[in-house]
Amino acid sequence: MILIVDSGSTKTDWTFLNGQEVLHSVKTQGINPFHLQKRDIDRILQSELLPETESIDNSSVSELYYYGAGCATNQVCQEMKELLNQYFPNADICVESDMLGAARALCGHSEGVACVLGTGSNSCLYDGRFIADNVPSLGYILGDEGSSSDLGKRLLADCLKRQLPEAVAREFMERYNLTMDTILENVYRKPMANRYMADFTPFLGEKRSVPEVHHLLTTCFAQFLRRNVMNYHKPWLPVNFVGSLAYTFREELSEAAESLGLSLGKIMKSPMEGLILYHTTSES
């Protein structure tokens, strides 16, 4: 039996396979070892995973592929491997970054450019097995161009700086009960400012036909492509994306890519389907 895990900071998908057949799927809360202590991760596995896998013999899992947010160093990967080994004692366990998971899901066994658009953003040049190059994301203060937090930050700033039509700005402020004081308090004084700003992206989806909003979206996506993807210097490779944000705004993404002479490849909401295909098919 094969177990594939796709873990982000918000949720984790666990998929048990017999060949390409899905035997069982479980969702737990997100696991990010960069932010969570080992005991916290163990608690999640005990309280959320085990009760949902009582019908599964965990000792029969022979291969476990874990792709996780926060798994960026050898030390973190080794600690996650040791923890998972307690629950799946007979498995050959491989722990990798969520970026590599996205690349394998999007590109399979072929070279390509893979991107993730979520609360944050990231990208890589992939050689068909591993990440060959990565322009660092740098987080929402120095980077994360084109992410939900970036779009939300731009929306808030454009609203306060009178860059949006008055009716649109007024509707936005009233819907979310916003004032300049509450915005500045949440962005500069409270924790998780990136998540706070990311929560406003549904409004952009509703107003995407407003010219100023359309310009906001295409400008942010073009900045992501220009500051990240174009630094791989392989403009002939299609640019692939995973994430609900990319899927929702795929038309604006395509327009931004075309303006820079790039073309889009696959756009997937979730990497799991692609990861199943990658780990159950041979390299051609």
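In the predicted model, the side chains of Arg208 and Glu252 meet in a salt bridge with an N to O distance of 2.8 Å, a salt bridge being defined as a side-chain nitrogen of Lys or Arg within 4 Å of a carboxyl oxygen of Asp or Glu. Arg208 lies in the loop between α9 (201-206) and α10, and Glu252 in helix α12 (residues 250-259), so the pair ties together parts that are 44 residues apart in sequence; helices (H or I, at least four residues) and strands (E, at least two) are DSSP runs, numbered from the N terminus. Arg208 is partly exposed, with a relative accessible area of 25%, whereas Glu252 counts as buried at 4% relative accessibility, where buried means under 20% relative accessible area, exposed over 50%, and partly exposed in between (1.4 Å probe, protein chains only). Residues are numbered from 1 along each chain as its sequence is written, and side-chain values use heavy atoms, with hydrogens and water left out. Because this is a predicted model, local features need pLDDT of at least 70 and side-chain atom pairs count only at pLDDT 80 or more, while totals for chains, interfaces and linings use all residues.

A search of the whole structure finds eleven salt bridges. One of them joins Asp13 and Lys27, whose closest N and O atoms are 2.6 Å apart. Asp13 belongs to strand β2 (residues 11-18) and Lys27 to strand β3 (residues 21-29), so this pair ties together parts that are 14 residues apart in sequence. Asp13 is buried, with a relative accessible area of 7%, whereas Lys27 counts as exposed at 59% relative accessibility. Glu145 and Arg227 also meet through their side chains in a salt bridge (2.8 Å, N to O). This pair links distant parts of the chain, with Glu145 in the loop between α4 and α5 and Arg227 in helix α10 (residues 211-227), 82 residues apart. Glu145 counts as buried at 7% relative accessibility, and Arg227 as partly exposed at 46%.

On a 1 Å grid over the protein atoms alone, a pocket is an open set of points where a 1.4 Å probe fits, with protein on both sides within 12 Å along at least five of seven lines, and lining residues have an atom within 4 Å of a point. The lining of this pocket includes Tyr140, Ile141, Lys153, Leu156, Lys161, Ile183, Tyr188 and Met197. Helices α4 (139-142), α5 (148-160) and α7 (180-188) each supply at least two residues of this lining. By class, the lining has ten nonpolar, no polar and two charged residues, where Ala, Val, Leu, Ile, Met, Phe, Trp, Tyr, Cys and Pro count as nonpolar, Asp, Glu, Lys and Arg as charged, and the others, Gly among them, as polar.

On the surface, Leu138, Ile141 and Leu142 form a nonpolar patch with about 360 Å² of accessible area together. By contrast, Leu45, placed in helix α1 (residues 38-49), counts as buried at 2% relative accessibility.

Conventions
Patch = residues over 30% accessible without salt bridge, like charges linked within 9 Å, V, L, I, M, F, W, Y side chains within 5 Å. Areas by Shrake-Rupley, 256 points an atom, 1.4 Å probe, with all protein chains shown as cover.
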